[in-house]
Amino acid sequence: MNWLTNFVRPRIQALVSKTEVPENLWEKCPGCEQMLFHRELDANLRVCHHCNHHLRIGAEARLKMLFDGGDFALIEIPKAVIDPLRFRDRRRYGERLRDAQAKTGRDDAIMVADGTMGGSRVVVAALDFDFLGGSMGVAVGDGLLTAARQAVAVGAPMIAVSASGGARMQEGILSLMQMPRTTIAVDEVREAGLPYIVVLADPTTGGVSASFAMLGDVTLAEPGAIIGFAGRRVIEETIRESLPDGFQRAEYLRDHGVVDMVVPRHQLRDTLIRLLGLLTAAPKVAEPAPATEPVVEIVDAEPVPGKGARDGDGAQS
Ligand SMILES: [Zn+2]
């Protein structure tokens with residue numbers, strides 16, 4: 001009997017449990033508490049078809065929904081130092097990191113992709129909330145710099161999609177340094193004269209909201225997304241006042257001028273294509289450029305002999 005109970009039964013149980021259906025076939029909508037079948041939910045871009053609540057979406061699904069035909073090339077991000085502070089709270093940070101890597105199949109909480117949207121080339125950096133809350137450590141900073149440099153190298157606009165709880169506490173000061181670092185990344189795109197658009201997804205808080213996520217030429221947000229720096233409870237406890245309804249929600253921020261547009265997920269791709277078209281087409285349409293060219297030519301044409309002599313002198317000395 002011992003052999004049966006101690007050896008055979010566990011073996012059989014192990015076999016049976018492995019073939020069990022996955023637990024997450026159904027998901028409860030946080031908005032209306034209806035149970036949603038995962039296939040229907042994914043087919044509807046993870047938007048509840050009962051109440052239109054926008055559930056969180058992973059980075060890969062996000063990239064697939066944005067690029068033409070769901071096709072894109074992933075840009076490799078340089079490998080960051082793992083657990084630079086050898087940090088440990090209840091668990092080692094290295095262990096948490098390995099778990100997140102096993103769960104998501106990615107090195108860190110960011111994906112950088114190059115592809116086309118509406119036929120025009122775009123570089124997109126998307127944060128993944130499933131990976132340690134989309135928190136920003138050195139690797140995420142590296143990802144944004146990589147995205148910015150890729151955008152500059154190929155002369156394409158950059159889009160950042162944020163979904164993050166903020167800085168990665170386990171990397172201490174190094175995670176805070178990613179705020180200026182990602183700001184510089186955005187500056188590089190701007191200095192190259194390329195558009196930089198941000199899509200704020202739920203949630204965008206802490207150090208991410210205090211850096212690259214708030215620096216877009218145009219700032220879009222998904223309906224109902226929580227966007228802010230400190231959490232509601234922390235603010236209420238600090239100022240000892242209750243905050244208005246909808247505080248830190250995308251719609252509230254749009255009404256108060258922080259966000260330009262709240263765009264439902266089904267319209268996000270088309271809206272981005274339209275915006276990119278407007279932002280990138282502008283210089284070609286602009287009239288002043290041809291008008292100034294003849295003026296410059298005339299001015300140049302007259303002093304050429306004198307100027308040439310002076311230039312020659314300069315070269316000799
Ligand atoms: Zn719902």
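Visitor: Which element gives the most to the lining of the largest pocket?
Guide: This is a predicted model. Its largest pocket has a volume of about 620 Å³, and R46, R56, I57, G58 and D130 are the closest to the centre among the 27 residues lining the pocket. Two or more lining residues come from each of β1 (26–28), α3 (59–66) and α4 (93–104). The element that gives the most, with three residues, is α3.

Visitor: Which element supplies the largest share of the lining of the second largest pocket?
Guide: The second largest pocket has a volume of about 440 Å³. Of its 22 lining residues, I77, K79, R106, D107 and D108 lie nearest the centre. At least two lining residues come from each of α4, β4 (110–117) and α5. The largest share, three residues, comes from β4.

Visitor: How many nonpolar residues has the lining of the second largest pocket?
Guide: By class, two residues of this lining are polar and seven are charged. The nonpolar residues number 13.

Visitor: What volume has the largest cavity?
Guide: There are two cavities of 30 Å³ or more. The largest cavity is lined by L55, R56, I57, R62, F129, A163, A201, D202, E222 and R265. Five of these lining residues are nonpolar, none is polar and five are charged. The volume of the largest cavity is about 50 Å³.

Visitor: Which element gives the largest share of the lining of the second largest cavity?
Guide: The second largest cavity holds about 30 Å³ of space, and its lining consists of I57, G58, A59, R62, L127, V161, S162, A163 and A201. The largest share, three residues, comes from β6.

Visitor: Is α5 roughly parallel or roughly antiparallel to α7?
Guide: Two packed helices are described by the angle between their axes and the distance between the axes. Helix α5 (residues 138–154) packs against helix α7 (residues 178–191) with the axes 8 Å apart and at an angle of about 5°. That angle makes the two helices roughly parallel.

Visitor: Which residues of α7 meet α5?
Guide: On the α5 side, the contact is made by V138, G141, D142, L144, L145, A148, R149 and V152. Counting both helices, the contact has seven nonpolar, three polar and four charged residues. The α7 residues are Q178, R181, T182, A185, E188 and V189.

Visitor: Where is P203 found?
Guide: The peptide bond leading from D202 to P203 is cis, and its omega is near -15°. P203 itself is found in strand β7 (residues 196–204).

Visitor: Does N52 count as buried or partly exposed?
Guide: N52 is not a glycine, although its phi is positive, at about 70°. N52 lies in the loop between α2 (38–43) and α3. Its relative accessible area is 46%, so N52 is partly exposed.

Visitor: Does Q248 count as buried or exposed?
Guide: Q248 also has a positive phi of about 70° without being a glycine. Q248 is found in the loop between α9 (232–239) and α10 (250–255). The cut-off for burial is under 20%. Relative accessibility is 9% here, so Q248 counts as buried.

Methods: Residues are numbered from 1 along each chain as its sequence is written. This is a predicted model: local features need pLDDT of at least 70, side-chain atom pairs count only at pLDDT 80 or more; totals for chains, interfaces and linings use all residues. Side-chain values use heavy atoms; hydrogens and water are left out. Axes are lines fitted to C-alpha atoms, for helices over the stretch in contact, and angles run from 0 to 180 degrees between N-to-C directions. Helices (H or I, at least four residues) and strands (E, at least two) are DSSP runs, numbered from the N terminus. Angles under 35 degrees count as roughly parallel, over 145 as roughly antiparallel, 65 to 115 as roughly perpendicular and the rest as oblique. Contact means heavy atoms within 4.5 Å. Ala, Val, Leu, Ile, Met, Phe, Trp, Tyr, Cys and Pro count as nonpolar, Asp, Glu, Lys and Arg as charged, and the others, Gly among them, as polar. On a 1 Å grid over the protein atoms alone, a cavity is a set of points where a 1.4 Å probe fits but cannot get out, and a pocket is an open set with protein on both sides within 12 Å along at least five of seven lines; lining residues have an atom within 4 Å of a point. Grid points are joined across faces, edges and corners, and a volume is the space filled by probe spheres set on the points. Buried means under 20% relative accessible area, exposed over 50%, partly exposed in between (1.4 Å probe, protein chains only).
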